[in-house]
Amino acid sequence: MDSRRLLRMSATALAAAGLILSGCAGGSGAAGPSGSRTATTSAVATAATPDPALRGFYGQKLTWRDCGVPKFECATLRAPLDYAKPDAEEIRLAVSRIKATGPGKRVGSLLVNPGGPGGSAVGYLQGYAGIGYPAPVRARYDMVAVDPRGVARSEPVECLTGPQMDAFTQVDQTPDDAREKELLSTSFKEFAAGCEKRSAKILPHVSTVETARDMDILRAVLGDEKLNYVGASYGTFLGATYAELFPGRVGRLVLDGAMDPSLKAADLNRDQTAGFETAFRAFAADCVKKTDCPLGTESVAAATANMKTFFRDVDAKPVPTGDSRDLGESLATTGVIAAMYDEGAWPQLREALTRAMGGEGSGLLALADSYYEREPDGTYANLMFANAAVNCLDSPPSFAGPVDAERAVPSFEKASPVFGAGLAWAALNCTYWPTPATGRPHRITAEGAAPIVVVGTTRDPATPYKWAQSLAEQLASGSLLTYEGDGHTAYGRGSDCVDTAINTYLLEGTVPQDGKRCT
């Protein structure tokens, strides 16, 4: 797998602990030629002037400086730590941009977010979007990113040390007896306690609503009347939340790999579990056609059985990796899940499974480490810490305790015979969280917003296609663009049809016809 693919895979990855969200979003527009709709900057009145207590934030001037990355600039944005007390403490957020290259008239700023929650938007901009987005888009937009509060360079949430995180990622997530169930529950309690110990001040203030409000301050400071935005995965929930809060300030919004904000956490987790099963079956169908398939060449059903057998084997007897960590079931499962995000990783997964089944687990360990953003020196980026902090604040937990999780295992195994049990137990991650949830699942309509493009991939592992269908239907101005394919998200992943539709929308404001399908 090349470095750009690996960066994109890890930047958009959802936490192995499972998806736990709630949301807010929006869209609307006027009919255009041939049934299309055109986004304009004047169709919707600008929202009311912000609270007078926020004027100092909206009126601030960014001081741009060299980032140490050629052509990129960096700055620091100020926002209230607590929007209910804007005159109290502030939080400082990392911003980066690369200016429009031309030719052509500059459209404005285009904010990007890779998802997570917990993915570094600044890292995504500098490592991919600012240099890898289609040249016509980069020519006419200043490409901009802000690390959300609690993420990466923006006062990051911290929870565990490197060795503690190593231990956490190896805990058996398919407990077979009372002792293993207790160990798993204890691991989640210790994770939550670590977050409270190291990040108590920020934990109550990393919600998606607060991050969306930060985005509106950035929009104003950049001098844009409307927000133009491309969000992937969780970034779609963030973009939808923005549209719900500020429908009159919506410019051109692309929500790629969409979330469904109306679902409860347990339902989101179960749906995502089914999504990974769909992706695994696509991988297996491809694998069994190849002579080097480590899962056999008989059938998808046989490959599925062999995958389950392998997980049981490494649960009973982990295999060495050449590292101090042996490959047990938890790390092996994470490694396989990591490769489900991008079909470009399937050859790497085949090789890693072949080696692991032969008694050498370093390949799957490397995939798991990329997913967790673990560095070679044993330190971790804060992706998983921020992921839990945001998700656990955005929605009430999936389960009240281990008994509920155990009861849910059969329904999760029905959704995914391969991953179901582990992902059911992993959904305990918010059960012991020290900060009560402030968000609740609900439908998002964003009445009054300009047209919003919602993108869904039919075999997306992390954000199942039906979520995109649901969000597009909820949004008053949502337009669904479908990619019939594999992998997580669609823009910039090889479909000329998808890229052309989105580029045309971003550059000309012409919305793809609702229901358009691409391959």
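1. Let's start with helix H17: its buried residues are Tyr-465, Trp-467, Ala-468, Ser-470, Leu-471, Ala-472 and Gln-474. Buried means under 20% relative accessible area, with exposed over 50% and partly exposed in between (1.4 Å probe, protein chains only). Helices (H or I, at least four residues) and strands (E, at least two) are DSSP runs, numbered from the N terminus.

2. A word on the model: it is predicted, so local features need pLDDT of at least 70 and side-chain atom pairs count only at pLDDT 80 or more, while totals for chains, interfaces and linings use all residues. Residues are numbered from 1 along each chain as its sequence is written, and side-chain values use heavy atoms, leaving out hydrogens and water. The mean pLDDT (the predictor's confidence in each residue, from 0 to 100) is 91 for the protein. Go carefully with residues 1-48, though, where pLDDT stays under 50.

3. Back to H17, residues 465-474: 7 of its 10 residues are buried, so the rest of the structure largely encloses this helix. Who does the covering? The cover includes S9, H9, strand S10 (452-459), strand S11 (478-486) and strand S13 (516-518).

4. Now look at Asp-260, in the loop between strand S9 (250-256) and helix H9 (265-287). Asp-260 is buried but has no salt bridge, meaning a side-chain nitrogen of Lys or Arg within 4 Å of a carboxyl oxygen of Asp or Glu. Arg-443, the nearest side chain of opposite charge, is 6.6 Å away.

5. So what does the side chain of Asp-260 make a polar contact with? One partner is the side chain of Ser-262, at 2.7 Å, and another is that of Ser-470, at 2.9 Å. A polar contact is a pair of N or O atoms within 3.5 Å; within protein, one must be able to donate a hydrogen and the other to accept it, and residues adjacent in sequence count only if both atoms are side-chain atoms.

6. The sheet is open, with 10 strands in the order S3-S4-S5-S7-S6-S8-S9-S10-S11-S13 and mixed pairing. Strand S3 (65-66) and S13 are at the edges with a single partner strand each, so one side of each has no neighbour in the sheet. Two strands pair if DSSP finds at least two bridges between them.

7. The peptide bond joining Gly-102 and Pro-103 is cis, with omega about 5°, and so is the one from Gly-116 to Pro-117, with omega near -5°.

Notes: Contact means heavy atoms within 4.5 Å. Lys and Arg count as positive and Asp and Glu as negative; His and the chain ends are not counted.
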